[in-house]
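Visitor: I am new to this structure. Please take me through it, a few residues at a time.

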Amino acid sequence: MSEHRFELQASWSGGLDGSGHIRSGQLETAISVPEQLKGPGIGTNPEEMLLGAAATCYLITLGMLLKRQGITTITLTSEVYVQSSPSMKVEKIVHRPQISVPKDASEELVDKITKAAYRAEQTCMISKSLKGNVEVTVEPVLSLG
């Protein structure tokens, strides 16, 4: 079994109204508390970072599964829902992949594509890490392309 290590470097100045900076691999950006949570809204924030990790992991996993079915292009909209009262908590993440299915696709292929949309969430490393703490759901939209 191999282990992979990823590192993030960060700096922060101030309190709730402060800002900072992170750098990890190809990612380099300013950070702060989002405006919705009474912060300055500079750069990205933990909520967007968690959503980005969950969404990209799901999308890449789905892409690997769908390539077997001949589908190579997917778009995705994802949302994170944060409960701010009585205490801050990420409640759920919803992934809505939009998958273009060939017009002549068989019912069997459509079924495989739909199952892959759900299986990607179950096998994604980030979804597995969130399991039991954050509800992650999938609402696939298939369209004839």
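Visitor: Which helix holds both Glu 108 and Lys 112?

Guide: Glu 108 and Lys 112 are 4 residues apart, about one turn of the helix. Helices are DSSP runs of H or I with at least four residues, strands are runs of E with at least two, and both are numbered from the N terminus. The helix that holds the two residues spans 107-123 and is α2.

Visitor: What kind of model is this?

Guide: Residues are numbered from 1 along each chain as its sequence is written, and side-chain values use heavy atoms, with hydrogens and water left out. Local features need pLDDT of at least 70, side-chain atom pairs count only at pLDDT 80 or more, and totals for chains, interfaces and linings use all residues; the model is predicted.

Visitor: What is the N to O distance where the side chains of Glu 108 and Lys 112 meet?

Guide: The two side chains form a salt bridge, a term for a side-chain nitrogen of Lys or Arg within 4 Å of a carboxyl oxygen of Asp or Glu. Glu 108 is exposed at 53% relative accessibility, while Lys 112 is partly exposed at 39%. Exposed means over 50% relative accessible area, buried under 20%, and partly exposed in between (1.4 Å probe, protein chains only). The N to O distance of the pair is 3.6 Å.

Visitor: How far apart in space are Arg 68 and Lys 112?

Guide: Arg 68 sits in the loop between α1 and β4. With a relative accessible area of 64%, Arg 68 is exposed. Arg 68 and Lys 112 are 44 residues apart in sequence, and from C-alpha to C-alpha their distance in space is 10.0 Å.

Visitor: How many salt bridges does the structure hold?

Guide: One of them joins the side chains of Glu 139 and Arg 96, at 2.8 Å from N to O. Glu 139 lies in the loop between β6 (135-138) and β7 (141-144) and Arg 96 in strand β5, so this pair ties together parts 43 residues apart in sequence. Both are partly exposed, Glu 139 at 37% and Arg 96 at 22%. The number of salt bridges in the structure is 5.

Visitor: How many bridges join strands β4 and β5?

Guide: Strand β4 (residues 74-83) and strand β5 (residues 89-101) run antiparallel. They form a hairpin with 5 residues between them. Val 80 stands opposite Ile 93 in β5. Two strands pair if DSSP finds at least two bridges between them, and here the number of bridges is 10.

Visitor: What is the average twist from one strand to the next in the sheet of 3 strands?

Guide: This open sheet has the order β1-β2-β3, with antiparallel pairing. Its edge strands, each pairing on one side only, are β1 (9-13) and β3 (27-31). For angles, axes are lines fitted to C-alpha atoms (for helices over the stretch in contact), and values run from 0 to 180 degrees between N-to-C directions. From one strand to the next, the twist averages 5°.

Visitor: Which residue in β2 is the bridge partner of Ala 10?

Guide: Strand β2 covers residues 19-24 and pairs with β1 in the antiparallel sense over 5 bridges. In β2, the bridge partner of Ala 10 is Ile 22.

Visitor: Is Thr 44 buried or exposed?

Guide: Thr 44 is in the loop between β3 and α1 (46-67). Not counting residues up to four places away in sequence, Thr 44 touches (heavy atoms within 4.5 Å) Thr 29, Ala 30, Ile 31, Ser 32 and Met 49. At 11% relative accessible area, Thr 44 is buried.

Visitor: With which residue does the side chain of Thr 44 make a polar contact?

Guide: A polar contact is a pair of N or O atoms within 3.5 Å; within protein, one must be able to donate a hydrogen and the other to accept it, and residues adjacent in sequence count only if both atoms are side-chain atoms. The contact is between two side chains at 2.7 Å, and the partner of Thr 44 is Glu 48.

Visitor: Which residue has its backbone oxygen 3.3 Å from a polar atom of the side chain of Ser 127?

Guide: Ser 127 lies in helix α3 (residues 125-130) and is buried, with a relative accessible area of 4%. Leaving out residues up to four places away in sequence, Ser 127 touches Glu 121 and Val 136. The backbone oxygen at 3.3 Å belongs to Glu 121.
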